[in-house]
Amino acid sequence: MWPMKKYLVEFIGTLFLVLTIGCCVLTPAGTGMVAPLAIGAMLMVMVFAGGHISGAHYNPAVTLAVTLRGKSTWMEAAKYIVAQILGALAAMALVCALGLHSNAMVEPRMFFPAVLAEFLFTFALCWVVLNVATAKGTSGNSFYGLAIGFTVLAGAFSVGAISGGAFNPAVPWPFAE
């Protein structure tokens, strides 16, 4: 396998995940209740597309969790995170090229609830990834993409109105209204 292939997969997966988030959140008419479905579905299909190549983290928090579990080296994690941030920045540039932008500011009274919501559901996402995609007991499970995608879907429906529902430190803050 081409040595850079897994980093390219992380870049592409993160790009499409963040692009979907940006387009859903910043579309002038809004996507309303469909946004969490679109975001969860995009994560699911990208996990299915790249899971067998890179592990399909697409999220620095997931990469950190997988590394703490011992399934990745710190050097590998650093390279993954760079690829993920570059993918997120490319997505942000594409969203801007599509003419979408945000002037949204998080109200000071909503800052703590937004951070708490993001922390809780990022934790839930990492917990699910560790237990469906990296645990010995689930080895050979080919349906982990569903569990991971639906975790983001459930989180976005649950707290999307509070935090924007990104659950991913690579997502630029203006995308999470």
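The model is predicted.

**Helix 3**
- Helix 3 spans residues 60-69, and seven of its 10 residues are buried, so the rest of the structure largely encloses it.
- The buried positions are Pro 60, Ala 61, Val 62, Thr 63, Ala 65, Val 66 and Thr 67.
- Gly 70 comes just after the helix and has a positive phi of about 95°.

**Nonpolar core**
- The largest nonpolar core holds 40 residues; Leu 43, Val 47, Tyr 58 and Ile 148 touch the most other members.
- At least two core residues come from each of helix 1 (5-26), helix 2 (35-54), helix 3, helix 4 (74-97), helix 5 (108-132) and helix 6 (144-163).
- Helix 1 contributes the most, eight residues.
- Leaving aside residues up to four places away in sequence, Val 47 touches Ala 56, Tyr 58, Tyr 144, Gly 145 and Ile 148.

**Salt bridge**
- The model has one salt bridge.
- Glu 76 pairs with Lys 6, with 2.9 Å between the closest N and O atoms.
- This pair joins distant parts of the chain: Glu 76 lies in helix 4 and Lys 6 in helix 1, 70 residues apart.
- Glu 76 has a relative accessible area of 17%, so it counts as buried.
- Lys 6 is partly exposed, at 23% relative accessibility.

Notes
Residues are numbered from 1 along each chain as its sequence is written. This is a predicted model: local features need pLDDT of at least 70, side-chain atom pairs count only at pLDDT 80 or more; totals for chains, interfaces and linings use all residues. Side-chain values use heavy atoms; hydrogens and water are left out. Buried means under 20% relative accessible area, exposed over 50%, partly exposed in between (1.4 Å probe, protein chains only). Helices (H or I, at least four residues) and strands (E, at least two) are DSSP runs, numbered from the N terminus. A nonpolar core is a set of buried Ala, Val, Leu, Ile, Met, Phe, Trp, Tyr and Cys residues joined through side-chain atoms within 4.5 Å. Contact means heavy atoms within 4.5 Å. A salt bridge is a side-chain nitrogen of Lys or Arg within 4 Å of a carboxyl oxygen of Asp or Glu.
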